[in-house]
Amino acid sequence: MVETETQISEENKPSKDACTWAMLSHILGLGWLIVPAIGGVIGSLIIWQIKKDQHPFVDRHGKESLNFQISMLIYGIVAGLSILMCIGVVLLPAVVIADVVFVLIAAIKAGQGEEYRYPITIRFVS
């Protein structure tokens, strides 16, 4: 019985190619470091649009990454505007740190062929 469960999970495991593309969709979410504000959204969107029909695993991870980056963009804008009220001095770095940490966790999970759901994410694309 255990061997059958192992075989089923191995059969359902995504290909190495799919894992690589899924991992890349998360890592490109850090594109805001190069192109401030919208870089993360654009990177995730491009990978998802290119590979969503070829790999269901990449489709799921690409949507998750895109939703997270859009959410982080909104949170960053709100935190940036709240600097005027002195709250953003703490909020903006927290948003940046959360973005980097969660993207790295998601990229590692995707590279291992595992599913990952970002916390604090608004699901715009389903």
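**T121 and its surroundings in a predicted model**

The side chain of T121 comes to 3.0 Å from the backbone oxygen of P119, a polar contact (a pair of N or O atoms within 3.5 Å; within protein, one must be able to donate a hydrogen and the other to accept it, and residues adjacent in sequence count only if both atoms are side-chain atoms). The structure is a predicted model, in which local features need a pLDDT of at least 70 and side-chain atom pairs count only at pLDDT 80 or more, while totals for chains, interfaces and linings use all residues. Residues are numbered from 1 along each chain as its sequence is written, and side-chain values use heavy atoms, with hydrogens and water left out.

T121 belongs to the segment after α5, where helices are DSSP runs of H or I with at least four residues, strands are E runs of at least two, and numbering starts from the N terminus. Leaving aside residues up to four places away in sequence, T121 touches N67, F68, S71 and Y75; contact here means heavy atoms within 4.5 Å. T121 counts as buried because its relative accessibility is 15% (buried means under 20% relative accessible area, exposed over 50%, and partly exposed in between, with a 1.4 Å probe and protein chains only).

I120 is also found in the segment after α5. Its relative accessible area is 48%, so I120 is partly exposed. The phi of I120 is near 50°, a positive value in a residue other than glycine. For context, most residues other than glycine have a negative phi. C86 likewise has a positive phi, near 70°. This residue, C86, sits in the loop between α4 (56-81) and α5, and C86 counts as exposed because its relative accessibility is 60%.

Helix α5 itself spans residues 88-111 and holds A98. With 18% relative accessibility, A98 is therefore classed as buried. From A98 to G111 the C-alpha to C-alpha distance is 20 Å, with 13 residues separating the two in sequence.

The protein chain has an average pLDDT of 89, and 91% of the residues score at least 70; pLDDT is the predictor's confidence in each residue, from 0 to 100. Confidence is highest in helix α2 (residues 16-27), at a mean of 96, and lowest in helix α1 (residues 2-12), at 49. Across residues 1-8 the pLDDT is below 50, and this stretch has zero contacts in the model beyond near neighbours in sequence.
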